[in-house]
Every structure is written in structure tokens, then in C-alpha cells.
Amino acid sequence: MGLPVLALWELGGTEGCSGNETGLSFPVNCLDRHVHVAPDKVALIWEKDEPGEEVQVTYRELLELTCRLGNTLKRQGVKRGDRVTIYMPPCPLAVASMLACARIGAVHAVVFAGFSAESLADRIQDAQSETVITVNQGLRGGKVIELKKTVDQAVKQCPGVKRILVSMRTDSKVPMTALDVLLEEEMMKEDACCEPAAMDSEDMLFLLYTSGSTGKPKGLVHSQAGYLLFAALTHKYVFNYQDRDIFGCVADIGWITGHTYVVYGPLCNGGTTVLFESTPIHPNPGRYWETVERLKINQFYGAPTAIRLLLRYGDEWVKKYDRSSLKVLGSVGEPINKEAWEWYFHVVGETRCPVVDTWWQTETGGICISPRPSNPGAKILPGMAMRPFFGISPSLLDDKGNVLLENNISGALCISQAWPGMARTIYNDHKRFLETYLTPYPGFFFTGDGVYRTSEGYYQLTGRLDDIINISGHRLGTAEVEDIVNHHVAVAESAVIGYPHEIKGEGAYVFVVLKKDSGYTQETLTAELQELISKKIAKYAAPEYVQVTHRLPKTRSGKIMRRVLRKIVEDKATELGDLTTLDDHEAVQQIIEGHKLLVEGWKSC
């Protein structure tokens, strides 16, 4: 069932096969130029699911892997401009797949390997991908993940898919279909030299899907030159990255953080980057710090969700391991709360490692606000992103579109001028791109986030302004969840909001109105909706709370007053604000009482 990837590296290396040494090519900047200077420098450290089984891949080996895969794609019929969907866990072949697409001028669309078959199918269809690259099985947290099976289910809904390239991550055999191609076997037949395609600076490099306030995910388009420039600069200056440092970003490659700070930023800078396949608590809560000690990681970049989780296990799991190699600690995905920041700084970093709390989005391509984009000696305040990066010009606007010039004020975070890493459009829907980001505040890029500017002019992010939930750093549109909930046979209508969660930052809280005589209890409905949302979107999206109510709070025009629901769930029922447009005041009181009973019931379990 295929040959080990490592066997490919034993066929003989290449010192760089590109004749394009102008530095204008995306893949040349990430691979070839480093192979010419330091071919045996380690590019990737694959930190497998089980600790102590790491694999090192040099720049020479990664270039050869990329070239063989690029030639395989071309032989399979993939052409310049074609979209290729990648559904793989963090591993060297996943990185090579991304780089191979860039090398031949194809557009990669990586999908997080935790998404359900339906979510994967939606993204394959939207991208109009004819090619999918996957693995037979994934390994995560000691569990086997049946990724190929998920792909097969998804492809049943995607008649446009012509081929599935399957790598063998494990020794287990999986059922094969007529579309399947054994990837390693085909790569063994290919030449180790693949000339990089000549691309325009504004050609598409990749699509990456992010949730929107409507039910349909957005395929954001990033271009070649601007994105790579921004990825490389932010990686270097935000983290003070130096040659020979080991950069440890533990994000999955299926998210923009993995694209920019696991793959492209570090490789463009000729760095050594860690591919983390496991979880923060496998096989125990010391996994991150044991990895830091063993690999001698210098910069560690993780999410507040994981930091809050590990904080609950106490200091002993951290102090058990030598963390003297650490120079910088980073936080990404959501604002980090002060308690987690203090623990990260004092316990993990022993007060000697600055904590850079970074704000950015899939749309921005790279870090836009961070404590240290320049001066290594600049002061850092806990839980605050603080300063704009080079070329980023943030503006605060009020709800009437007025620019707020003073400090000690909150507003909508907008950016007043273009920057290299910004997304160029939404794939096949530029109108939606304009309506989402450029129309709300003409002349500004609207980020969708709220921000507070302090008396000293520093920026502190306050959260989303639209109907987006940020669960464990993953953005999820409430409309996307509501659409699935409303398809349940017993549900008449629903409303989904985010609520503060001690570990995840936010969780999904679902309100439902049942159809008459549905016969469902709240317990049964909760279990079925959790299973349904896990299947349709992903397990992380499953709600912990499902509250059945007779009515939802609506205005007289029929609009659900979600701000009222948020206040109730945040236990701020005395701060509901103006209710003059509310159609049914009794509905609010019923929801308040139902919420109290639901929460007390959970606490007693």
C-alpha cells in the first residue's frame, strides 16, 4: 500500500534544480536559494503524535520531496491555476504538497483535517477542485483518525473530483476507490527536478476558508509576492527570529497560523520550523514543555485556549522540563486573558521571555498588531496586542462611520491603507468581499473586531462585532450553526450565540423553539444536536448548552434580539438595555428562568 516517504529521500538529493535564481519565484524563495547556501540545514522537525519520534527534514530533502510531488501532480493532469484541496495532518508531505502546488502554479486549498465530510465537500465544491490530497489515517492524541474515509464520504457529493492522491501515514490498509492514486508509489517514478512556474506577483497562491456571518464559508484568496513578503517580515521581527533558532508554532496547517508561521514565514527566512501533530495533553499535560526541552525550541507560538487548559493542571508539569532554550512566547487566535498571560510569562517563560500577544486574521495574512514589531526593549503590557506592525495603519470608527481620534475609547477596528499580506478577494465572489470588508466603512478595511485604544495609544482587542464565535481560536459563523440546527426534525427555529468559556474562550450556546408535539426532551435534543453539529461542521463546534424555549426575543419587525440572549447567558439580565422594540417581554423572562435552571443542572452533574 505505498512506500514510506522517507524512502524517497534515499534516491539521491538535488542541490536545487531551478534555473530561476532571480529571487522572484515563490518556491525559490522558500527552498532553492536555501539549498544553494545550506542544503543540509534542517527545514522541518516533524513532531509526531508520540513524543520522541521526531523526524528531521533538510532543505535538500524538502526540495526533492516537493519536486517529485510537483511532477506527480503534473503527470496526473494538474495544471497552472487548478485548485488542489489538501486534507492532511501536519506532516512533511503536507508541507511538500503546499509547496508543490506553488511550484507548478496550482492553487492549494488546505482544509483542517478535523472538519467533517460535509464541511470538506462544501469547500471542495466551492473551490472547484478536481484533485484531493490526503492520507489513509491520521494520528492525534493517541487516536486514529479515519481521514481517507472522510474524504470518500465528501467526494460522493463532489462529481468534479477526478483524482485522490493518498499518502500512507500508517500501515493500515483502507478501502480504495477508482479515483485513488497511491502517492508515494507515483512520486518514486518522478524526477527530483521540477522547474518552478513563472508567476505574476498577483497570481493566486492559495485559498483558505473561514467562517462568515452568513452560513457559507468564505474562500479567501492570497496572492504570491505580497503574502510571502508579509509572512517573512512578521515572522522575523515579531518573534526576533535569528538564524539557527528553532521556531515552534503548534498550530495546525489547516489554519492561517499554520500557513504563515509553520510553513511559509519560517521557510522563506531559511529557518527550522516544527510541525506539531499531537495535542497539548498527550500523553500528559507536560507535552508542550517536554517538546521544548527535547527539540530546544527558541520561539513558542500557541493559543490562549491551550494555555488556559494547561494552567488548570498546575505548575509542576511545566517546571518538570528544561525551558532554558525559550527566548520568546507568542499567543494567537484570540485575546489572551490576564491570568493566562501572567502564568505564561511567570511560570512558562520564567519572566525572561517576552510574551507577544498577536492580533491578525485569515484576511490579513500575517500579524498586524503585536507588542514587539520592532524595538526588542519596548515595554509589554499583559493581555494586550499594543502596537501596529510596519505599514499597518489602524483606525477606530464609531457606528456612524466617524473616525475616533482620541484615546481611552472603543470602536470598530479598521485599517486605513492596504498592506502586502491582505487577502485580495473571496474566490468567485468579489461582491461579497467588497460587502464584507470595504463597504461597511468606505475607505477603510473593516476587520469585524472591536478594539479599545488606551491613554498611551496602545490597542487592546475586545472581540467580534458580528455574529462570529471564536471557539479555541477557530472562527465559526453563528448562521452556519443555526442552519444545521434548523434542519433537525424537531426544531422550528433557533438562535446561536457565543458565551464566555473558561478554557475555549467562547463556546456555542443554542436556543431552540420546538415544533408542536415534537416529543423531544431537552436531554435527547441536546445529544442529537451535538452529534449533528459535530458531523456537519467539526467536533469543536458542538454546543455544550442547548436551551429549549417557547419563544425567542424578537423585535416587532421579527428580528431576533441576539444581544438580549448574550446578556442573559453572560448573567447580565439586569443590563438588557433598551427593550422598547421587543415584541414579547414575557419571552425574555422565560429565557432568563430557563437559562438559570439549565446552568444549575449542568453544575450539579
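**The open sheet and its setting**

Buried residues make up 60% of the 605 residues in the protein chain, which is here a predicted model. The chain holds 18 helices and 29 strands, and its C-alpha atoms fill a box of roughly 75 × 60 × 50 Å along the principal axes. Its radius of gyration is 24 Å, which agrees with the value near 25 Å that a compact globule of 605 residues would have. Among the contacts with a separation of 6 or more, 71% are between residues 24 or more positions apart in the chain.

Against that background, the part you ask about is an open sheet of three strands in the order β27-β28-β29, with mixed pairing. The edges are taken by β27 (491-501) and β29 (545-548), and because each has a single partner strand, one side of each is left without a neighbour in the sheet. On average, and with direction ignored, neighbouring strands of this sheet are turned by 25° against each other. Strands of a sheet pair through backbone hydrogen bonds, either parallel or antiparallel. In the pairing of β27 with strand β28 (residues 505-514), the sense is antiparallel and there are ten bridges; within it, Ala-495 has Phe-511 of β28 as its bridge partner.

Two helices lie across these strands. Helix α15 (residues 478-485) lies across β27 and β28 and runs at about 140° to β27, whereas helix α16 (residues 522-536) lies across β27, β28 and β29, running at about 135° to β29.

Strand β23 (residues 445-453) is mostly covered, with eight of its nine residues buried. Strand β21 (residues 409-415) runs antiparallel to β23 and is joined to it by six bridges, with Cys-414 standing opposite Phe-446. Strand β24 (residues 459-464) also runs antiparallel to β23, through five bridges, and here Tyr-452 stands opposite Gln-460. The hairpin of β23 and β24 has five residues between the strands, and in it Gly-457 takes a positive phi near 85°.

In soluble globular proteins, nonpolar side chains tend to be buried together. The largest nonpolar core here has 130 residues, of which Leu-62, Tyr-264 and Leu-267 touch the most other members. Helix α4 (residues 92-104) gives the largest share of this core, ten residues. Leaving aside neighbours within four places in sequence, Leu-267 is in contact with a set of residues that includes Cys-30, Tyr-59, Leu-62, Val-95 and Leu-99, and also Asn-29, His-34 and Thr-273. Apart from this core lies another, of 33 residues, among them Tyr-288, Leu-295, Ala-340 and Val-347.

Helix α10 (residues 287-295) has seven of its nine residues buried, so it is largely enclosed by the rest of the structure. After α10 comes Lys-296, whose phi is positive, near 60°.

Glu-186 has a relative accessible area of 17%, and because buried means under 20%, it counts as buried. Beyond its neighbours within four places in sequence, Glu-186 is in contact with Thr-72, Gln-76 and Val-181.

Finally, the cysteines deserve a word. A disulfide is a covalent bond between the sulfur atoms of two cysteines. The count of disulfides in this model comes to zero. For Cys-30, the closest cysteine sulfur is that of Cys-268, at 5.2 Å, which is too far for a bond. Cys-30 counts as buried, at 0% relative accessibility, and Cys-67 likewise counts as buried at 0%.

How values were computed
Residues are numbered from 1 along each chain as its sequence is written. This is a predicted model: local features need pLDDT of at least 70, side-chain atom pairs count only at pLDDT 80 or more; totals for chains, interfaces and linings use all residues. Side-chain values use heavy atoms; hydrogens and water are left out. Two strands pair if DSSP finds at least two bridges between them. Helices (H or I, at least four residues) and strands (E, at least two) are DSSP runs, numbered from the N terminus. Axes are lines fitted to C-alpha atoms, for helices over the stretch in contact, and angles run from 0 to 180 degrees between N-to-C directions. Contact means heavy atoms within 4.5 Å. A nonpolar core is a set of buried Ala, Val, Leu, Ile, Met, Phe, Trp, Tyr and Cys residues joined through side-chain atoms within 4.5 Å. Buried means under 20% relative accessible area, exposed over 50%, partly exposed in between (1.4 Å probe, protein chains only). A disulfide is a pair of cysteine sulfur atoms within 2.5 Å. The radius of gyration is taken over C-alpha atoms; the globule rule is 2.2 Å times the number of residues to the power 0.38.
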